[in-house]
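Notebook open, model loaded. I want to look up pockets and cores today.

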Amino acid sequence: MHEVILPETGTVAAWRREARRLAAAGVPGAELRWSVGRAEPDLFGKARPAAVPAADPVALTLPRAALPVLETALHHRDPERFARAYEIVLRLARGELRWGDRTDPALCRLLAQEKAVRREIHKMHAFVRFREIGVPGAPRRSFAAWFEPDHPVLEAAAPFFTRRFGDMDWIIATPRLTARFEAGKLSFGSARGADRPPEDATEELWRVYFANIFNPARLRISAMTSEMPRRYWKNLPEAALIEGMIRSAPGRAGAMQAALPTEPHPRAGRIRSDRPKSLMESDVTLETFKSALDACHRCPIGDCATQGVPGEGPEGARLMVVGEQPGDQEDLAGRPFVGPAGRLFDACAEEAGLDRAQTYVTNAVKHFKFTPRGKRRLHQRPNAGEIKACRWWLDLERKAVRPKALLALGATAARALTGSGEAMTKRRGKVEEAEDGTPVLLSVHPAYLLRLRDAGQRAEARAAFVEDLRKAARLK
């Protein structure tokens, strides 16, 4: 029997060269014994470099899809992989085997091993954890990692790391080989004496990140251990947290469920069931405005809000103040400007000499748009389509009240009244016109003042807002 000894690095390339040479010499697979690194002891005596028996030469021509699969399968740990692959390529070249025929036991096993190797390469890409070992201030940072693959896949998996971490030097040690990437050059060598690198500061940071992305409500232990097999856990810093997170998951999931958003008020369901399918302008007056608004189907916001929020004020008011949309408290109360921003508006209006009792206050959008976050409902800005849909209600109010001037508070109100979505930073304090020529004074929404953190900026913005209100009072 002729023995072929392949090197520990570049094993697959060496097998390819030997396979072509031996096939050209007509050496049958049964006459070969393959080993890696050193000769394996022979059960029947010492291995001998026997003469290659003469036979008909074979030119190795393979299907295009066969070679990458064969070379990947050669990274499997099965010691018979080289002999099996050689027999298969001979049979393919002679036309005795069709590529992909899974009824052939040898080819079926090779395909299964190729799949196992690809999975192992994927796991190595996912579970290698680098630890910094370099000197601070060095031109290139240096890292080291220890990994224990089931199959000798280091050479096949290493190119991924050169692409991902090409700007640093690194070493990946395995029980059999070590990959070393220095100054952009990748090399492989023996791993004798290699050991796990010491922990570094990023270990704790990684554990904190892992603990924070863990969702106890979506815990599926079988799926987790399928994607992260337990044999890798001993080298993963975050694995030390897994047992504790599994034990605490039911309690944490229960707490999340208890913190879900509250259900809509029962009154909202009764209102929706009474909604009419269509509505004409002539059907609505200020007296019937509220009930008609509650039945609105013009955009999806109404299905989420508790109720519609119409404007308030005397019919025939000379000034109409238009805000953006109801907030959480306005949605529950069914009245405009009753939340924190509304109270701030009242205070500023009094300071500016603007009598709210003689002013009609309303919003450009009549329903509260929000996103649930725990038990809170966070305000969401209505989009252009929703503003346009709600314009129908705003126009009805304007026709009924017939104001001589309009005060738009915020970008949503400005878009609804003027049709322009330009930024308020350039338009604030200016007087524009609605489509029918009614003057529209533009200012910020009082909620903007509440969001300012700096006391100085807040005082300055409030003074400017009061001045805008004085200007609006003079528009009357």
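This is a predicted model: local features need pLDDT of at least 70, side-chain atom pairs count only at pLDDT 80 or more; totals for chains, interfaces and linings use all residues.

Helix 17 gives the most, with four residues.

Next I looked up who sits in the middle. The lining counts 29 residues, and Glu 324, Ala 341, His 445, Ala 447 and Arg 451 lie nearest the pocket's centre. The space in there comes to about 760 Å³.

UniProt, in an unreviewed entry, has "domain: Uracil-DNA glycosylase-like" at residues 310-470. I get 44% helix and 19% strand for that span, and its end C-alpha atoms are 25 Å apart.

Then on to the cores. Which residues touch the most other members of the largest nonpolar core? Out of its 33 residues, I noted Met 124, Val 128, Phe 130, Phe 161, Trp 170, Ile 172 and Ile 242. Several elements supply at least two residues each, including helix 4 (105-127), strand 5 (169-173) and helix 8 (242-258). Helix 5 is the top giver to this core, with five residues. Domain 2 (128-190) and domain 3 (206-254) both contribute, so the core lies between them.

Skipping neighbours within four places in sequence, Met 124 is in contact with Phe 147, Val 153, Leu 154, Ala 157, Phe 161 and Ile 172. Apart from this core there is another, of 31 residues, with Trp 392, Ala 414, Met 424 and Ala 434 among them.

Key. Residues are numbered from 1 along each chain as its sequence is written. Side-chain values use heavy atoms; hydrogens and water are left out. A nonpolar core is a set of buried Ala, Val, Leu, Ile, Met, Phe, Trp, Tyr and Cys residues joined through side-chain atoms within 4.5 Å. Buried means under 20% relative accessible area, exposed over 50%, partly exposed in between (1.4 Å probe, protein chains only). Domain bounds come from an automatic or database domain assignment. Contact means heavy atoms within 4.5 Å. UniProt positions are given in the numbering used here, feature names are shortened, and annotations may be inferred rather than shown by experiment. On a 1 Å grid over the protein atoms alone, a cavity is a set of points where a 1.4 Å probe fits but cannot get out, and a pocket is an open set with protein on both sides within 12 Å along at least five of seven lines; lining residues have an atom within 4 Å of a point. Grid points are joined across faces, edges and corners, and a volume is the space filled by probe spheres set on the points.
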